[in-house]
Amino acid sequence: MRMLLALAIVSCALVFVSAQGPAATSEITVLRVQKNVYLLASSTGNAIAQIGDDGVLLVDTGTAPMAQKLFAAIRTLSNKPIHTIINTHLHADHTGGNLALVKLGAGGPQPPRVMGHENTYNRMVAAAAEANANTPAASLPMDAYFTPTRDFFLNGEAIVLHHAAAAHTDGDTLVHFRGSDVVATGDVFNPDIYPVIDVANGGTVNGTIAALNRVLEITVPAKYQEGGTYVVPGHGRICDEAEVVEYRDMVTIIRDRVADLVKKGLTLDQVKAAKPSRDYDGDYGTTSGFWTTEMFVEAVYRTINAK
């Protein structure tokens, strides 16, 4: 990938090296990806802003405590109201700022609309009910779609939403900015760790691979398989097609190894002991934190072995 968009991850903070002039705004780093699409990166995850005359389109809203800082970062790019918020999935590090940003970003003829797949909406409602929480409608993706894709036109370009079924969750949305040639993947793709497969919320390894293949159908590289379409994950650095190919191949190989062990009748503990991810652990694995190598292998095993 070109050096102007090289990004390094140090601990939990993102450090950007770019001649395009990244600007830090109180823990949020703002970086132009391509044309009118910008990355708003923090230690809690990535948000993406599309800027134009129609208003601001925001992909994911981060955590609730980061909402004010995220809005301040948006204001360094545009004084327009927030027109649309797209939630790539249900998790609070991507949806926690919905309510605050709907309020902060108001000012247009209509309040900001919040979009997402209907499975994301349903699971957010169910989670609120289980927690006995009173969830305002403005914090939910009320403008939900249920078809494989949904498209609309905003700020001078076509935007296509692709439902990635049973991937990270069962409600993942890939966001393709066609004019800017940028794809936002949410947590379907993370170039620095093994895929987080949320089995409890409908995630599967086969759906993850299918989602990565969908990203590869959209992306087009420039020279020497680098550049061209840029891919912005839910966490981590900006990538291009070649990095998604490498990641897809890794997940597929580990899936096939686990599937072979399952066919041989090995138990979960035996599969873990066989270390089917061993040659990739140096790049993606960890033995501590919220998502370990063993947790990934177990998720692969359980979704392959699901009845």
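Asn79 counts as exposed, with a relative accessibility of 68%; here exposed means over 50% relative accessible area, buried under 20%, and partly exposed in between (1.4 Å probe, protein chains only). The model is predicted, so local features need pLDDT of at least 70 and side-chain atom pairs count only at pLDDT 80 or more, whereas totals for chains, interfaces and linings use all residues. Residues are numbered from 1 along each chain as its sequence is written, and side-chain values use heavy atoms, with hydrogens and water left out.

Asn79 sits in the loop between H1 and S8. Helices (H or I, at least four residues) and strands (E, at least two) are DSSP runs, numbered from the N terminus. Between the C-alpha atoms of Asn79 and Val56 there are 8.8 Å, with 23 residues separating the two along the chain. Ser78 is also found in the loop between H1 and strand S8 (82–86), but Ser78 counts as buried, at 9% relative accessibility. Apart from neighbours within four places in sequence, Ser78 is in contact (heavy atoms within 4.5 Å) with Ile51 and Val56.

Helix H1 itself spans residues 67–75, and Ala67, Leu70, Phe71, Ala73 and Ile74 are buried there. Seen down the axis of H1, these buried residues fall within an arc of 155°, so they line one face of the helix. The arc is taken from the directions that run from the helix axis to the C-beta atoms.

The next topic is helix packing. Helix H5 (residues 205–218) packs with H6 at an angle of about 155°, and their axes are 10 Å apart. That angle makes H5 roughly antiparallel to H6. For these values, axes are lines fitted to C-alpha atoms, for helices over the stretch in contact, and angles run from 0 to 180 degrees between N-to-C directions. Angles under 35 degrees count as roughly parallel, over 145 as roughly antiparallel, 65 to 115 as roughly perpendicular, and the rest as oblique. The residues that make the contact include Ile209, Leu212 and Leu216 of H5 and Val244, Tyr247 and Val251 of H6. By class, the contact of H5 with H6 divides into nine nonpolar, three polar and three charged residues. In this grouping Ala, Val, Leu, Ile, Met, Phe, Trp, Tyr, Cys and Pro are nonpolar, Asp, Glu, Lys and Arg are charged, and the others, Gly among them, are polar.

Helix H6 (residues 241–263) also packs with helix H9 (residues 293–304), at an angle of about 60° and with axes 10 Å apart. H6 and H9 are therefore oblique to each other. Here Ile254, Arg255, Val258, Ala259 and Val262 in H6 meet Phe296, Val300, Tyr301 and Ile304 in H9. This contact of H6 with H9 has eight nonpolar, no polar and one charged residues.

Ala299 is found in helix H9 and counts as buried, at 5% relative accessibility. Not counting residues up to four places away in sequence, Ala299 touches Ile197, Val199 and Trp291.

Most residues other than glycine have a negative phi. Ala166, however, has a positive phi near 50°; Ala166 lies in the loop between strand S12 (157–164) and strand S13 (172–177) and counts as partly exposed, at 24% relative accessibility. Lys275, not a glycine, has a positive phi of about 50°, and Lys275 lies in the loop between helix H7 (268–274) and helix H8 (281–284).
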